[in-house]
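Me: I have a protein open on my screen and some quick things to ask. Can you take me through it?

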Amino acid sequence: MSLIYRRKANQPSLTHVIHDYYGEIIPFAKRIDQKIVALPLLLLKTIEWSIYRWYKTPIRRFYGVKGNELIYMITRRCCDKCSKCGIWKIPEPDNQHLPVSEFINCLNQIHENLYQVTLTGGEPLLYLEDVLLIGEECKKLNVPMLVVTNGVLLTKRFLQAYAKLEHILVISVDTINTAKWVNFRGRNHFELVMGNIMLARSSLGNKLRIQSVLAKETQDDIPLVKNFCDEHSIPHIIQPYMDFGGCWHSTTSKAKDTGVACAARKNICIYPNGDVVKCFDHHRIPLAKEPLGNIKKEDIITILCKRRSTEVSKIMKTCNYPCKQLSCNIPIDICNS
């Protein structure tokens with residue numbers, strides 16, 4: 001999603017402008033089937049981008065490209081008590097949990113602009129049936145989905161149903177040391193999760209991923225987890241540690257400045273109660289501390305077209321906080337390269 005805002009002398013830089021342009025043009029070019037008309041279409045797209053990039057209006061425009069990720073924290077509740085995470089310490093009350101129909105309504109309104117839906121938590125599989133309903137809707141709408149789970153609640157029935165949807169499942173594993181496992185997870189279910197990983201591997205094939213969080217506490221364990229993944233032909237993902245109320249320690253204090261703007265502005269993040277933000281680390285930006293709106297009370301398009309939404313996204317073009325290194329805040333073209 002591109003931004004419409006007033007040009008200022010000190011921001012964004014030329015690098016950010018160029019990156020923003022290619023962020024619109026490259027996905028658009030990939031969707032052109034008839035190459036003979038590619039050049040005139042790209043010229044028209046460039047003109048459109050220029051108009052809506054520089055025109056002085058507070059309204060954000062949705063282009064016809066899949067440029068956004070919809071990230072739904074389906075719950076704060078969890079069956080683990082991981083020391084890296086404090087989300088489970090503040091579960092949402094029953095009367096504040098978003099009905100799945102509200103999220104699916106939101107999904108239907110903006111699916112043409114989504115390249116991916118991500119379900120996270122807490123532990124998403126505490127709402128297993130909701131996950132499958134959302135997965136079925138994503139399949140109908142031809143939007144890829146990804147679910148991040150601790151692996152504890154996986155069952156054969158769920159995996160068989162999920163496999164039919166052809167979405168990606170990510171299981172969080174930070175160590176394969178049984179002694180450390182209890183300390184990291186707060187629960188003694190190493191054998192259960194390892195068994196569920198093998199079950200998922202046989203059911204999902206190449207749609208399974210394992211993700212590890214790189215922190216000072218895990219830096220010696222990550223190579224062993226990767227070796228395990230390599231032995232079982234499971235892709236391995238490493239995410240830098242971010243403080244979400246846990247007690248681990250980061251291996252870095254600031255983002256590595258690559259000259260590329262933070263891409264968190266492409267995100268549409270929804271909390272368990274329906275609050276909408278642009279990034280789950282939104283509290284770092286004073287203007288973004290309060291949610292942009294709530295999908296139980298307002299239409300998602302209305303929320304995203306608010307002036308404050310545009311202004312928050314504009315600020316994110318020059319963010320250089322540590323969370324910039326998370327995959328959800330990296331430009332799509334870099335993620336897919």
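Me: What share of the contacts with a separation of 6 or more comes from residues 24 or more positions apart?
Reply: In this protein, 73% of them. Contact means heavy atoms within 4.5 Å.

Me: What kind of model is this?
Reply: It is a predicted model, where local features need pLDDT of at least 70, side-chain atom pairs count only at pLDDT 80 or more, and totals for chains, interfaces and linings use all residues. Residues are numbered from 1 along each chain as its sequence is written, and side-chain values use heavy atoms, with hydrogens and water left out.

Me: What is the mean pLDDT?
Reply: The mean is 84, and 85% of the residues reach 70 or more. pLDDT is the predictor's confidence in each residue, from 0 to 100.

Me: Where is confidence lowest, and where is it highest?
Reply: Helix H11 (residues 332-335) is lowest, with a mean of 54. H4 is highest, at 98.

Me: Which residues stay under 50?
Reply: Residues 1-12 do, and the model has 48 contacts for them beyond four places in sequence. Residues 56-65 are also below 50, with 45 contacts beyond near neighbours in sequence. Where pLDDT is low, the predicted coordinates should not be read in detail.

Me: New topic. How many helices and strands are there?
Reply: The protein has 11 helices and nine strands. Both are DSSP runs, numbered from the N terminus: helices are H or I with at least four residues, strands are E with at least two.

Me: And how much of the protein is buried?
Reply: Buried residues make up 50% of the 337 residues. Buried means under 20% relative accessible area, with a 1.4 Å probe and protein chains only.

Me: Now Glu123. Where is it?
Reply: Glu123 sits in the loop between strand E2 (114-120) and helix H4 (128-141).

Me: Why does Glu123 count as buried?
Reply: Because its relative accessible area is 1%.

Me: What does Glu123 touch?
Reply: Leaving aside neighbours within four places in sequence, its contacts include Thr75, Arg77, Cys78 and Cys79. Thr149, Asn150 and Leu153 are also in contact with Glu123.

Me: How far is its C-alpha atom from that of Val152?
Reply: The two C-alpha atoms are separated by 9.2 Å. Along the chain, Glu123 and Val152 are 29 residues apart.

Me: Last one: where is Gln239, and is it buried or exposed?
Reply: Gln239 is in strand E6 (residues 236-240). Gln239 counts as buried because its relative accessibility is 11%. Not counting residues up to four places away in sequence, Gln239 touches several residues, including Gln211, Ser212 and Gln325.
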